[in-house]
Amino acid sequence: MSEATIVETGSMGRVAYARIAPNEDLVLGVEKLCMAEGFKNAFVRGALGSLVDACLGTRDGKYVQIKGPAVEIVSLAGEVRSQEDGSLSASLTGVVADTEGNVYGGPFVAGANPICMTFEVTLEEWLPLAVAL
């Protein structure tokens with residue numbers, strides 16, 4: 001095993017239950033919600049909703065587009081991290097189902113996953129204390 005393991009210590013902070021509006025991007029919408037609530041780091045704990053179309057990354061660095069309308073999000077998990085320049089970056093992974101019941105999984109590509117109607121999400125603030133290698 002040659003990969004470094006990072007162990008982070010911290011505590012959970014506030015919890016936000018929020019809604020992302022139609023045609024807003026899923027990834028950018030989560031970042032916007034965290035910015036609005038003052039969350040510098042957060043975990044995505046759950047969500048409910050659908051996308052107009054979905055776009056997921058693949059292992060070979062490419063992506064797959066799933067045409068809608070109304071691509072259902074079956075599961076969603078991820079985190080939001082503050083960057084050195086003060087911006088926020090969300091990494092979200094999930095499973096979606098198209099209108100014919102085909103199921104796809106992978107990381108959501110930022111800027112390519114517009115919300116269909118409304119989308120509810122639960123965010124939990126993470127307050128890191130230290131990082132040990």
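## Exercises on a predicted model

Asn-41 sits in the loop that runs between helix 1 and strand 2; helices (H or I, at least four residues) and strands (E, at least two) are DSSP runs, numbered from the N terminus. The model is predicted, so local features need pLDDT of at least 70 and side-chain atom pairs count only at pLDDT 80 or more, while totals for chains, interfaces and linings use all residues. Residues are numbered from 1 along each chain as its sequence is written, and side-chain values use heavy atoms, with hydrogens and water left out.

### Exercise 1: Asn-41 and Glu-125

Task: work out whether Asn-41 is buried or exposed, and find what Asn-41 touches.

Solution. 
- Step 1. Start with the cut-offs: buried means under 20% relative accessible area, exposed over 50%, and partly exposed in between (1.4 Å probe, protein chains only).
- Step 2. Asn-41 has a relative accessible area of 9%, so this residue is buried.
- Step 3. Look for contacts, meaning heavy atoms within 4.5 Å. Leaving aside residues up to four places away in sequence, Asn-41 touches Val-80, Arg-81, Ser-82, Glu-124, Glu-125, Trp-126 and Pro-128.
- Step 4. Now check polar contacts, which are pairs of N or O atoms within 3.5 Å; within protein, one must be able to donate a hydrogen and the other to accept it, and residues adjacent in sequence count only if both atoms are side-chain atoms. The side chain of Asn-41 reaches the backbone nitrogen of Ser-82 at 3.2 Å.
- Step 5. Turn to Glu-125, which is found in strand 8 (residues 115–132). Glu-125 is buried too, at a relative accessible area of 8%. Beyond four places in sequence, the residues touched by Glu-125 include Ser-11, Arg-14, Phe-39 and Asn-41.

### Exercise 2: Asp-25 and helix 1

Task: find which backbone nitrogens lie 3.1 Å from a polar side-chain atom of Asp-25, then follow helix 1 to the glycine just after it.

Solution. 
- Step 1. One backbone nitrogen belongs to Val-27, at the start of helix 1. The other belongs to Ala-112.
- Step 2. Ala-112 is also among the residues that Asp-25 touches beyond four places in sequence, together with Ile-20, Val-109, Ala-110, Gly-111, Asn-113 and Pro-114.
- Step 3. Helix 1 (residues 26–37) has 12 residues and spans 17 Å from first C-alpha to last, close to the 16 Å expected at 1.5 Å a residue; the expected span is 1.5 Å times one less than the number of residues.
- Step 4. Buried residues of helix 1 include Leu-26, Val-30, Leu-33 and Cys-34. Just after the helix, Gly-38 takes a positive phi of about 80°.

### Exercise 3: salt bridges

Task: how many salt bridges are there, and which parts of the chain does the pair Arg-45 and Glu-124 tie together?

Solution. 
- Step 1. Apply the rule: a side-chain nitrogen of Lys or Arg within 4 Å of a carboxyl oxygen of Asp or Glu. The count is six salt bridges.
- Step 2. Arg-19 and Glu-120 form one of these, at 2.7 Å from N to O. Arg-19 is in strand 1 (residues 7–20) and Glu-120 in strand 8, 101 residues apart, and the pair links distant parts of the chain. Arg-19 is exposed at 56% relative accessibility, whereas Glu-120 is partly exposed at 27%.
- Step 3. Arg-45 and Glu-124 also meet, at 2.7 Å from N to O. Arg-45 lies in strand 2 (residues 42–51) and Glu-124 in strand 8, so the pair ties together parts that are 79 residues apart in sequence. Glu-124 is buried, at 17%.
- Step 4. Finish with the network of salt bridges that links Glu-8, Glu-79 and Arg-81.

### Exercise 4: cysteines

Task: explain why the sulfur of Cys-55 is too far from the closest cysteine sulfur for a bond.

Solution. 
- Step 1. A disulfide is a pair of cysteine sulfur atoms within 2.5 Å.
- Step 2. The closest cysteine sulfur to that of Cys-55 is in Cys-116, 16 Å away, which is too far for a bond.
- Step 3. A search of the whole structure finds zero disulfides.
- Step 4. Cys-55 is buried, with 3% relative accessibility, and Cys-34 is buried at 0%.
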